[in-house]
Structures are given as structure tokens and as C-alpha cells.
Amino acid sequence: MEFLNNIDWQAQFTEHWPVLAAYGLKALGAFIVLIVGLRISGAMASMVRRQAIKRPNIDETLGSFFASLVRWFLTAATIIAALQLFGVEATSFVAILGAMTLAIGLSLQGALGNIASGIMIMLFRPYGVGQFIEVAGVGGTVKDINLFQTILATPDNVQVIVPNSQAIDGVIKNYAGYPTRRIDLVFGIDYGDGMEHAIGVIEGVIKADKRVLADPQPVVRVDNLGSSSVDIIARPWVNTPDYWETRWALTQNVKAALDAAGISIPYPHQVNVNRD
């Protein structure tokens, strides 16, 4: 305590005041830059998110991702600027940050590839939630799309998770990509039955179904002369949501109409030949 009492505090304060004042101003300036920069980064991120959501070709998840990128970029720039005002050399800090970013990028190549593929999916929209697709060799209804993966539900309700990099690299078959679809049906009749009569019966069943579209006009033609049957194709068009119900109904109703008209549908017969 005697040592402290012997210090001339006024002299010490007078001697070191310029240094303290300089560092105090730098600290105050750095603090102001940090506060203002963080507020600006938050405001810019919110603006980017709002503008992205307004665009029909940008998913909400992708808009949030862009907003996060803007926020982190501006936050990093703000921290570097504040450190420079405080007297810290920013070049070494930027070099360390760059090295860390490179190391993280190399260790997360697969994840970053999925993110890039997710961005492409959300921008170009090859498929959307609720559509039935085939991708990466798997067919199912899209339940969710995020930056890393596409989640499908198969027809028997099994969850399938497809990494976005695999989804975008292969062939994508979107069964709900267009508003209408064509149903392809084949009916075999006996060679002894009249082809024109059978065609008329099939056309009548198709026209009676209100789900079948008039344009394009349904096509019913003889397609193939098989080993035991004359094959007649039927190709009506329907709205995509009506595809399966209409297909099943037409298959059943045509079979019933052919039976009622006395037109038989042949099936393979096995003949046993006895050789003595």
C-alpha cells in the first residue's frame, strides 16, 4: 500500500493520457462500426429474404440461404473493419480465415456438392413438392426439398432420402411435369372376332368416361397381329391428376363391354399331345 501511495497518479495520467485517448477513440470507433455494421447486415439479410420470396422461381429455403450468406459476409466484413480501426492488422486475419474456409470446404466436399445441387433444384424447379417423380432409380412422391436432400415417399409409403447431388446428376422423370398425360392400353381380341366391332366397343367406353379429354382426340387402332390375338391399342388423354383412376376404370369397363358384346379375349392354351 505504501508503494501505491508513493505513485504520482496525476503525473502518470498526464504522461499516458495521449496513448489512452488514442486507444479509447479507436475502441469507440471500432465499437460504432461493429454496431452499425451488424445492424446493416441484419437489414440487408431481411431485404434479400423478402425479395427472394417474392420471386416464383426461388424457394423459401433458398431465399433464407441467400439471406444467411449475405448476413455472414457483411458480418465478416464488419469485424475486419472494426479490427483495422482498433489497430489490428487485417491481412493476417483474412489469411487465417481463408485457410480455415479452405480446410472446411475440403472436408465438406460432399455436403457442399449437395448444397450446390439443392440450389440448382430450387432455381430451375425440375420437380416440386407433391409431384410423383423417378430420380436416382427411385420413384415416389416428393415430400420435401431442402439444400441437402430430396425426401420421397414411395407408393407403399416408404421414406426415401436422395442426396441432391445424385438427384441432379441423373435423369429426372417427372410424371406431374405437364398438365395432361396419355394413357396407353392394349386389348387383345380373338382372330375370329370382328376388328371394327371391337374398335367401336372400345371407343364407346372411352367416350363415355367424362375424364377423357376431347383434345387431343383418343386413338383406337389395330397395333399388332400376335401369335394368338389381334392387339388393339387405346390412347386416350386425361388431366394428370386423373391418370390412374381413369386407367383402372377404362381397363375394367372395356373388359366388361367386350364380354357383353361377345368379343373374347384369348389367353394361352396348353395342348397335351400323346405320342404312342
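Isoleucine 189 stands opposite valine 230, a residue of strand E9. The model is a predicted one, in which local features need pLDDT of at least 70 and side-chain atom pairs count only at pLDDT 80 or more, while totals for chains, interfaces and linings use all residues. Residues are numbered from 1 along each chain as its sequence is written, and side-chain values use heavy atoms, with hydrogens and water left out.

Strand E9 covers residues 230-235 and pairs with E7 in the antiparallel sense over five bridges; two strands pair if DSSP finds at least two bridges between them. The sheet to which they belong is open, has three strands in the order E7-E9-E8, and is antiparallel in its pairing. Strands E7 (185-189) and E8 (219-225) each have a single partner strand and stand at the edges, so one side of each lacks a neighbour in the sheet. From one strand to the next, the twist averages 30°.

Helix H7, residues 195-208, packs on this sheet and touches E7, E8 and E9; its direction makes about 25° with that of E9. Contact here means heavy atoms within 4.5 Å. Axes are lines fitted to C-alpha atoms, for helices over the stretch in contact, and angles run from 0 to 180 degrees between N-to-C directions.

For the protein chain overall, the secondary structure comprises eight helices and ten strands. These are DSSP runs numbered from the N terminus: helices are H or I with at least four residues, strands E with at least two. Of the 276 residues, 27% are buried, where buried means under 20% relative accessible area, exposed over 50%, and partly exposed in between (1.4 Å probe, protein chains only).

I turn now to the aromatic residues. Three aromatic pairs occur in the structure. The ring centres of tyrosine 243 and tryptophan 244 are 5.1 Å apart and their planes lie at 90°, so this pair is edge-to-face. Rings of Phe, Tyr and Trp (its six-membered ring) pair if their centres lie within 6.5 Å; planes under 30 degrees apart count as stacked, over 60 as edge-to-face and the rest as tilted. Ring pairs join Tyr243, Trp244 and Trp248 into a cluster.

Is tyrosine 243 buried or exposed? Its relative accessibility is 6%, so tyrosine 243 counts as buried. Tryptophan 244, at 46%, counts as partly exposed. Finally, arginine 181 lies over the face of tyrosine 243, 3.8 Å from the ring centre; the criterion is NZ of Lys or CZ of Arg within 6 Å of the ring centre and within 35 degrees of the ring normal.
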